[in-house]
Amino acid sequence: MAPIAPIAPAHGAPCPDAEVVFARGTTELPGVGPTGQAFVDSLRPRVGAKSVGVYAVDYPATTDFPTAVEGIADARNHVLATAASCPLTKIVLGGFSQGAAVTGFVTANTVPDGVSALDVPAPMPPDVANHVAAVALFGKPSPRFMRVINDPPVTVGQQYLAKTIDLCVDNDLVCDPAGRSFSAHNEYVDAGMVDQGAAFVANQLQASWAADIPAPAAPPAGGPAPSPLTASAPLTPPAPAAPVTPPAPSAGPSPHLPSAPLTPPGPTTPIAPPPPVVPLT
């Protein structure tokens, strides 16, 4: 049987270390748009040798704002495909203006109130959030602006809030609730906010990559086990025991021996006879 070839990533190229999925603003030409390109250009040198892929969300980006749902579906499908085919790739979601609204809706964990679930893509599965390292929104339309165009407010999902940076230039008519200037909406690069967003995303990526590195195993509590290839120190033979000195003879007689040598029996000394008795005269 021929070996089974691995599944190619959805974007037809080797899996990058990170991929920016960016939705351009209203009336910008297809691609990531000027703000998106400036963001990618600022991000790449901040991650060193790591590779950064780019995916431009495919949607009309016109003043016919209901068509933004096409961008939500396209971005969602691409994120799901990337998470499945390139599970180690860190995904960065981003968008400018209408594109920021598209990206915000992609992260939502519920269908907005007043919107039929049949009219919008379903929220992404919760575990997909683990593949998204950061979200960068530039000039996201405010609730005031969304009311004007008769759309629900953009709410970033709870699983993405901590890794989201939401930037708005002061007095921007689109994102500032009290904004009055539409020209301010085009100042994200000059205001330094693109670089600010890139710095935030780079930090999120570095932290995510660092978390993937396994920690070194801790040595056992009693210290590392000796290697079988390492010779242990030679054992020192015990010192020879001192010779046992027999005890000195006791000064007194042993209770088990006679006190003096026995003299063998022999003839006794003869007794002289008594002198003769002189007769009486």
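Residues are classed here as buried at under 20% relative accessible area, exposed at over 50% and partly exposed in between, with a 1.4 Å probe and protein chains only. The model is predicted, so local features require pLDDT of at least 70 and side-chain atom pairs count only at pLDDT 80 or more, while totals for chains, interfaces and linings use all residues. Residues are numbered from 1 along each chain as its sequence is written, and side-chain values use heavy atoms, with hydrogens and water left out.

Two disulfides were identified, a disulfide being a pair of cysteine sulfur atoms within 2.5 Å. One of these joins Cys 15 to Cys 86, with an S to S distance of 2.0 Å. This pair connects distant parts of the chain, 71 residues apart: Cys 15 is in the segment before strand S1 (18–23), and Cys 86 is in the loop between H2 and S3. Helices (H or I, at least four residues) and strands (E, at least two) are DSSP runs, numbered from the N terminus. The torsion about the S-S bond of Cys 15 and Cys 86 is about -75°, and the disulfide is therefore left-handed. Cys 15 is partly exposed at 39% relative accessibility, whereas Cys 86 is buried at 1%. The other disulfide links Cys 168 to Cys 175 at an S to S distance of 1.9 Å; with 85° about the S-S bond, this link is right-handed. Cys 168 is partly exposed at 25% relative accessibility, and Cys 175 is buried at 9%. With the bonded cysteines numbered in sequence order, the pairing is 1-2, 3-4.

Across the whole structure, two salt bridges were found, each defined as a side-chain nitrogen of Lys or Arg within 4 Å of a carboxyl oxygen of Asp or Glu. In one, the side chains of Lys 90 and Asp 212 meet at 2.6 Å, N to O. Lys 90 lies in strand S3 (residues 90–96) and Asp 212 in the segment after helix H6 (193–211), so the pair ties together parts that are 122 residues apart in sequence. Lys 90 is buried, at 9% relative accessibility, while Asp 212 is partly exposed, at 46%. In the other, the closest N and O atoms of Lys 140 and Asp 166 are 2.8 Å apart. Because Lys 140 is in the loop between strand S4 (132–138) and helix H4 (143–148) and Asp 166 is in strand S5 (residues 164–167), this bridge ties together parts 26 residues apart in sequence. Lys 140 is buried at 15% relative accessibility; Asp 166 is partly exposed at 41%.

Backbone geometry was also examined. Most residues other than glycine have a negative phi. Ala 61, in the loop between strand S2 (52–56) and H2, has a positive phi near 55° and is buried, with a relative accessible area of 1%. Asn 150 also has a positive phi, of about 65°. Asn 150 lies in the loop between H4 and helix H5 (158–161) and is exposed at 70% relative accessibility.
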